[in-house]
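Here is a short report on salt bridges and model confidence. Keep the structure open while you read.

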Amino acid sequence: MSRISLGLVKALRSQSLQARSTWQLRQDALPALLQTRRFFGWSSNSGDDGKKGDVPESTGTSESSTDERQSGRKSKRTSAAAQEGAIVPVKQDGHLRKDSSGFEPVCMALPLFGRPLFPWHNQLIQITSPKIAKEILSLTENSKKMTHIGFFLRKSMPNELPKEGEEEDLLPSAKLEDMSGEDPMEVLHNVGTIGRVAQAVPVWSPKDGEVVAVQMLVQGAGVVRLEKVLNKGPPLQVQIAQITPEEWDGKDEMVRATMNETILTVQEIMKVSSSFREHAQYVNQSLQQRNARVQPDAVAHLAASLTTAEGAELQQVLDATNPLDKLRLALELLKKELEVAKLQQKISNQIEEKMSKNQREFMLREQLKSIKKELGIDKDDGSETILQKFKERLEGKEVPKEAKEAIDTEFEKFANLAKESQEYQMTRNYLDWLSSMPWSVYSKDTFDLKKAREILDRDHYGLADIKDRIREFIAVGVLRGSMQGKILCFVGPPGVGKTSIGKSIAEALGREFYRFSVGGLYDVAEIKGHRRTYVGAMPGKIIQCLKKVQTSNPLVLIDEVDKIGRGHHGDPSSALLELLDPSQNSAFMDHYLDVAVDCSNILFVCTANVLDTIPGPLLDRMEVIRLTGYDLQEKMKIAEQYLVPNAMVEVGLKQKKAEAQSEVQVQKVAEEVEKSEDAKPQEPEPEPEVKAEPKQLKPEVKAEIETGAIESLIRWYCREAGVRNLQKHIERICRKLATKVVEKWEDKSQGTSSKDTDATGDAIDPSKSEVIELRVDEASLSEYVGKPVFTSDRLYEGQLPSGTVTGLAWTAMGGSVLYIEATALARRRSDPDKPATAPPMLAVTGQLGNVMKESSQIALLVARRQLQARGKDGFFEEHELFLHCPEGATPKDGPSAGVTMTTALLSLAMKKPIPTDLAMTGEVSLNGKVLAVGGIKEKTIAARRAGCKTLIFPEANRRDFDELPKYLQDGLNDLVAPSPSEFHLHFAFDRGLLIEG
Ligand code: ADP
């Protein structure tokens, strides 16, 4: 063997003393060693391998023949001494006799720290005391015979282990090996084993090349007793006596049975523990050989040596002299070992089982696949690829437990479905949905007030209150860190920017935007999805939304919540409620998906035209923000700043700001390139591709819609509260402009006369042939958008007939002027001299709703009382009365015409016409009280448009009127100004409720 470096010695330092001195012989070391010497069996040297009692027996005479030894053995069987184990006599003078088998009564002795050495057993022993090591080496090298050393187990370790480093390069175990400071008879077990050194390998110090340790392979040969210490050494020299095993006649059944049991137990442990098996295999072979000659002590020693029992327990086995006792002790240890081995196996089995479950599943699946293929059930249908695709989608997503379980189950099911089966497609679709949900994927909110303002201002004119409200909303989000549990509801006429504001909020917050409308939605499945069993089943809108936007916190705009229907397929509004309710939507259950989906991070924004039809519970959960319509000025601004520029860009008449900038940049680059080319003419570089090519072809276009044109567009074409219709008209104009530009451009490029003027008189200046200028003014407007839709706001020009009053109404489209006409025909009476007593009759027409019909009855009553109060009784009773609201095809309803109807009836009765420029609104109660109405702004706008200068509003609406922009109030008659109508003043001051605007 080669030199072992000090590294080994250092490594040994870190190990425990016990491990160091009692290394078990490793299996792989055995064959090499076996080749060098035969070391199993006491009498291997003499070739007496198979003899009964492998431990050589000493008869006291060195010359005794084989016969004599046999006869001696016989005599011992009967001797009493044999019962306790015979001791070989030694001379007292210390000159020891050798017995016939070569037993040396004087030998070197070494302490063992962990477990005793057993006969039949091979052990690797490391000696780290340099002095002892050298001694052993010189013995093995010089002696022709094998060196024998006595090994005795230390009873206990000293309380204090020698400290490392006290003496340089000396290991703690080296100190323990040196017994000079102790009484070996006390410290060591007196029964030990004589061992033969089969091989000794020195360990040199790399520093000075001195031997510092020795590693030896020792074979246990026989049990000996420590008799006397001859020299404390180191190394320790002792006198020993051989302990011969107690004789056994081979008939004792107890012994035989115990022995058999021992061997069986060894075999059993071998079955259970692989490490034991390896170790025991070699020993067991030998054991079986010996067993043929039935040697209880050999069996006991071998069995004990195989166990991992404590040193003290093993020493007991070694100590015992009675074969049955020895066997029993050894068997006990073996049984314990068996239990430990079983336990160990159980633990390892459990772990292995866990580990291999997945592997086994995989294997089985593969097998199943190939079986299916073999049977033709499964032609590689790509389901594996599909599964793989679904699994990839789920990678990196944190799928909630419930969904994960559902997905896993479906995956398993899908893998085993035949492609032809109906369920295959169903499961595939289902998995497709499940896997494409954005489980725990969130976009980061950008709570940035400045940016929010920029975005809102960029997209919308005015709407200061709403923008502030949204900024407040974001500010709360900043402080709370989330926007959970908020539902905004924008209410207002169409085209006022409800949807587009929602879009801007999404952009300001950095959230994905998704919009769906619930107007006219009757089927609950649209929101909650169909059950999977239906053919063509689909999840509801919200799940579709999540799949599309791929984040769990988008901004969802639900349009037209006021128009949600109710059909025989359940109540969609309650499903919507479930979706919107912050206390329920953290686990929203879609019928199709069938697993809870967290919708609590979605920001819901709803839009509606009116509040009345929004289901109460739904309205309760929403934060309503009203958007009133725009007046002329606002519309003008919106058109000029937003709609016209956008439409121009849309049709290509203008460039977007960003694009225009980039074009300037391109030009700059081109110029720079040109310059650099001039500077370096010797290096002509290829022209960059970014050439202003379109500019060369396209002439410059200057298109404009004049302010006057926009104003008349608003005034005579688009009177709605919103701007959508206006936008459409502007787009139409822009499209026409674009057509004209292209026509002119073509004319030019074909060389036709460019001096022509077009029908509108838009002249193309020939001197500036590169510029096409187009202008839309008030006069040419009808060319682009046709004849005006509204010619006048007024039904009546000039004086109104008495009984006709200008009322003001509010519709979802904005405010409008609503005339009320009242007229009367005298009743035919049987006796014209008698006063009429029959109750008055009022016929109401003009598609009035119930509320308005009731209002007309109340108006009649109030008017009668007013008339009575003025002492002009009888008119209503004597006449048949008719009340009509023109534009009879349009259904009308609402209470706010009460004041107008009363006034109309009174005007009729008193034959006093109402001034043309007076308009009014207000609900009247039975006692003549005037109640507040809505839509003051819209009504004011409509009244101004109709040229009304004096407006009568309920006192309770004074605040609304005061809050109107100045320009809306300007130009209306002052309250204290002389009233144009005496009647009106009477009425107003009588009630004390009316305001003259
Ligand atoms: P709604 O949802 O209220 O019916 P939209 O949001 O669809 O109305 O608006 C219609 C069009 O009017 C959109 O193109 C929008 O940009 C434009 N618009 C509405 N209000 C404004 C405004 N204040 N400023 C600029 N554009 C507006």
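## Terms and basis

Buried means under 20% relative accessible area, exposed means over 50%, and partly exposed lies in between (1.4 Å probe, protein chains only). This is a predicted model, in which local features need pLDDT of at least 70, side-chain atom pairs count only at pLDDT 80 or more, and totals for chains, interfaces and linings use all residues. Residues are numbered from 1 along each chain as its sequence is written, and side-chain values use heavy atoms, with hydrogens and water left out.

## A buried pair between loops

Asp445 and Arg511 are both buried. Their side chains form a salt bridge at 2.8 Å, N to O. A salt bridge here is a side-chain nitrogen of Lys or Arg within 4 Å of a carboxyl oxygen of Asp or Glu.

Asp445 sits in the loop between helix 16 (422–436) and helix 17 (449–459), and Arg511 in the loop between helix 19 (498–509) and strand 10 (513–517), so the pair ties together parts 66 residues apart in sequence. Helices (H or I, at least four residues) and strands (E, at least two) are DSSP runs, numbered from the N terminus.

The structure holds 30 salt bridges. One of them joins the side chains of Glu261 and Lys335 at 2.6 Å, N to O. Glu261 belongs to helix 9 (residues 253–272) and Lys335 to helix 13 (residues 323–375), so this pair ties together parts that are 74 residues apart in sequence. Glu261 is partly exposed, at 31% relative accessible area. Lys335 is also partly exposed, at 32%.

Lys401 and Glu405 meet through their side chains in a salt bridge at 3.5 Å, N to O. They are 4 residues apart in helix 15 (residues 401–415), which means about one helical turn separates them. Lys401 is exposed, with a relative accessible area of 65%. Glu405 is partly exposed, at 44%.

## A network

Which residues are linked in a network of salt bridges? Glu410, Lys413 and Glu423 are.

## Confidence

pLDDT is the predictor's confidence in each residue, from 0 to 100. The chain averages 75, and 76% of the residues score at least 70. Over residues 676–696 the pLDDT is below 50, and this stretch has 7 contacts in the model beyond near neighbours in sequence. Residues 752–761 also have pLDDT below 50, with 14 contacts beyond near neighbours in sequence. A contact means heavy atoms within 4.5 Å. Where pLDDT is low, the predicted coordinates should not be read in detail.
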